[in-house]
Amino acid sequence: MRLVTALLVALLALVHAELWFGSSGMGRVLGLQTRLAEQQGKNAAAHSRNEQLSAEVRDLKEGLEMVEEKARHELGMVKPDEILVQLTPRR
């Protein structure tokens, strides 16, 4: 009976050793959980950026307000009856 008990305790110790220190043990699980959390953060940021880009594409397809705004800011365009005043900072 003692031999069976000792054998069962040894098997239990072996299973626990594999669980904690093995190739698929707790250290690897914790590392994978960290990588998963990092990737989920990156995915959330990418999703947010995709939503912004989708809204911009939708605006460009549907209205001219966005085109006019981009032309004003990026190209410096003005309407015929407008006056453009540019201020330069002092140094």
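Let's start with Lys70 and Glu74: both sit in helix α3, four residues apart, which is about one turn of the helix. A helix here is a DSSP run of H or I with at least four residues, a strand is a run of E with at least two, and numbering goes from the N terminus. Between Lys70 and Glu74 there is a salt bridge, with the closest N and O atoms 3.5 Å apart. By salt bridge I mean a side-chain nitrogen of Lys or Arg within 4 Å of a carboxyl oxygen of Asp or Glu.

Before going on, a word on where this comes from. This is a predicted model, where local features need pLDDT of at least 70 and side-chain atom pairs count only at pLDDT 80 or more, while totals for chains, interfaces and linings use all residues. Residues are numbered from 1 along each chain as its sequence is written, and side-chain values use heavy atoms, leaving out hydrogens and water.

Back to our pair, then.

Lys70 has another partner. It forms a salt bridge with Glu56, and there the closest N and O atoms are 3.3 Å apart. Lys70 is in helix α3 and Glu56 in helix α2, so this pair ties together parts that are 14 residues apart in sequence. Glu56 is partly exposed, with 26% relative accessibility.

That brings us to how those two helices meet. Two packed helices are described by the angle between their axes and the distance between the axes. For helix α2 (residues 26-62) and helix α3 (residues 65-75), the axes come within 6 Å and cross at roughly 105 degrees. The axes are lines fitted to C-alpha atoms, for helices over the stretch in contact, and angles run from 0 to 180 degrees between N-to-C directions. What does that make the pair? Helices α2 and α3 are therefore roughly perpendicular to each other. For reference, under 35 degrees counts as roughly parallel, over 145 as roughly antiparallel, 65 to 115 as roughly perpendicular, and the rest as oblique.

Which residues do the meeting? From α2 we have Glu56, Asp59 and Leu60, and from α3 we have Met66, Val67 and Lys70; contact means heavy atoms within 4.5 Å. By class, this contact has three nonpolar, no polar and three charged residues. Nonpolar covers Ala, Val, Leu, Ile, Met, Phe, Trp, Tyr, Cys and Pro, charged covers Asp, Glu, Lys and Arg, and the others, Gly among them, are polar.

How many salt bridges are there in total? The count comes to five. One of them joins Glu68 and Arg72, with the closest N and O atoms 3.2 Å apart. These two residues are four apart in helix α3, so about one helical turn separates them. Glu68 is partly exposed at 36% relative accessibility, and Arg72 is partly exposed too, at 29%. Glu68 and Arg72 also belong to a network of salt bridges with Lys79 and Glu82.

Staying in helix α3, have a look at Ala71. Ala71 is buried, with a relative accessible area of 17%. Leaving aside neighbours within four places in sequence, Ala71 is in contact with Gly76 and Met77. Across the chain, buried residues make up 4% of the 91 residues.

Over in helix α2 we find Ala45, which is partly exposed at 48% relative accessibility. From Ala45 to Leu32 is 13 residues in sequence and 20 Å in space, C-alpha to C-alpha. Ala44 is in helix α2 as well, and it is partly exposed at 47%. Ala44 and Thr88 are 44 residues apart in sequence and 39 Å apart in space, again C-alpha to C-alpha.

Finally, the whole chain. It has three helices and zero strands, running α-α-α from the N terminus on. Its radius of gyration is 32 Å, well over the 12 Å that the globule rule gives for 91 residues, so the chain is more spread out than a compact globule. That radius is taken over C-alpha atoms, and the globule rule is 2.2 Å times the number of residues to the power 0.38. Along the principal axes, the C-alpha atoms fill a box of roughly 105 × 40 × 15 Å.

Terms used: Buried means under 20% relative accessible area, exposed over 50%, partly exposed in between (1.4 Å probe, protein chains only).
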